[in-house]
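Reader: Could you take me through the pockets of this protein? I'd like to know what lies behind each label.

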Amino acid sequence: MAPTEHGEWSDFCSMMREAGVADDVVDDAWQLVLGGLADQGQVNAEAERLEGVQERRDHAASNTWFWDLVKLVGNHLEIKTPTLALWSGGAAVSDHAWAKGHTPLERTRFGRVLDRLVVTPDWDLKLPMWSVVSKAFVSRATGPVHIFLRAYDPESVLVLQEVPQLRVIQQMNPNVTLHWHPVYTQADGTLREVSPDLELVDDASYASRDLCVAALYQYLLRVHDRGNAQGEHAYRAMSADLAANGNPQD
């Protein structure tokens with residue numbers, strides 16, 4: 001099938017033009033997206049033969065098609081707000097960060113395109129592309145970065161890739177500071193943040209990951225209403241994490 005015969009080609013063109021991307025760049029970017037996805041299965045197979053978890057992740061994200069993609073469209077990952085945002089715990093957390101005045105990847109011009117693009121239902125093929133784009137996005141940090149957690153996942157891209165990358169950037173630029181926000185979902189779906197005294201407030205920023213995660217865990221453990229289905233996923237994720245470390249909560 002020719003690239004322009006793909007069912008999402010027209011939508012991709014429209015979204016990229018809406019983002020202000022020149023037509024010749026749109027054509028090249030589409031070729032790189034499709035080429036990268038076509039090769040990713042083989043890259044993933046190679047990654048599975050490696051021993052370490054991080055080594056497998058790194059190799060899965062070594063697809064040169066995707067790296068060429070971010071070289072081509074990297075300027076369309078710029079942020080329009082003073083601060084960059086990272087998050088973990090579902091798309092609603094990204095929306096919360098944006099509403100608070102910080103820019104997550106999905107709100108950049110190219111990130112918005114990728115977020116709406118399907119291309120393939122196989123997330124194992126798409127995740128490495130997002131990983132590469134995320135690295136390019138994080139590399140743009142020049143000031144405060146706000147990190148929002150609804151659940152703490154030690155195996156997440158945030159923890160294993162994005163934060164370590166920020167630590168390296170901090171060594172070169174002390175203006176890059178990290179501000180951690182524990183987020184809880186109320187029964188009506190509203191997201192609030194957890195203060196040190198375990199109250200839900202509009203803004204609660206912590207200077208370290210450990211303080212943020214501790215506040216989130218304590219709120220889920222002591223205050224969370226098990227009848228609140230909106231917050232139950234985070235509670236169960238916390239319980240599973242604690243159980244894995246020999247401290248079951250149920």
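Reader: What makes the second largest pocket a pocket, and what is its volume?
Author: In this predicted model, its volume is about 380 Å³, meaning the space filled by probe spheres set on grid points joined across faces, edges and corners. It's called a pocket because, on a 1 Å grid over the protein atoms alone, it is an open set of points with protein on both sides within 12 Å along at least five of seven lines.

Reader: Which residues that line it are the closest to its centre?
Author: Of 18 lining residues, those are Arg-56, Arg-57, Ala-60, Leu-127 and Pro-128; lining means having an atom within 4 Å of a point.

Reader: Which helix gives the largest share of that lining?
Author: Helix 3, with six residues. Helix 3 spans 53-60, and a helix here is a DSSP run of H or I with at least four residues, numbered from the N terminus.

Reader: How do you sort that lining by class?
Author: Ala, Val, Leu, Ile, Met, Phe, Trp, Tyr, Cys and Pro count as nonpolar, Asp, Glu, Lys and Arg as charged, and the others, Gly among them, as polar. That gives eight nonpolar, four polar and six charged residues.

Reader: And what is the volume of the largest pocket?
Author: About 650 Å³. Its lining has 27 residues, with Trp-87, Glu-106, Trp-123, Trp-130 and Glu-162 the closest to the centre. Helix 7 gives the most, seven residues.

Reader: How do you know which residues count?
Author: Residues are numbered from 1 along each chain as its sequence is written. Local features need pLDDT of at least 70 and side-chain atom pairs 80 or more, while totals for chains, interfaces and linings use all residues, and side-chain values use heavy atoms, leaving out hydrogens and water.

Conventions
On a 1 Å grid over the protein atoms alone, a cavity is a set of points where a 1.4 Å probe fits but cannot get out, and a pocket is an open set with protein on both sides within 12 Å along at least five of seven lines; lining residues have an atom within 4 Å of a point. Helices (H or I, at least four residues) and strands (E, at least two) are DSSP runs, numbered from the N terminus.
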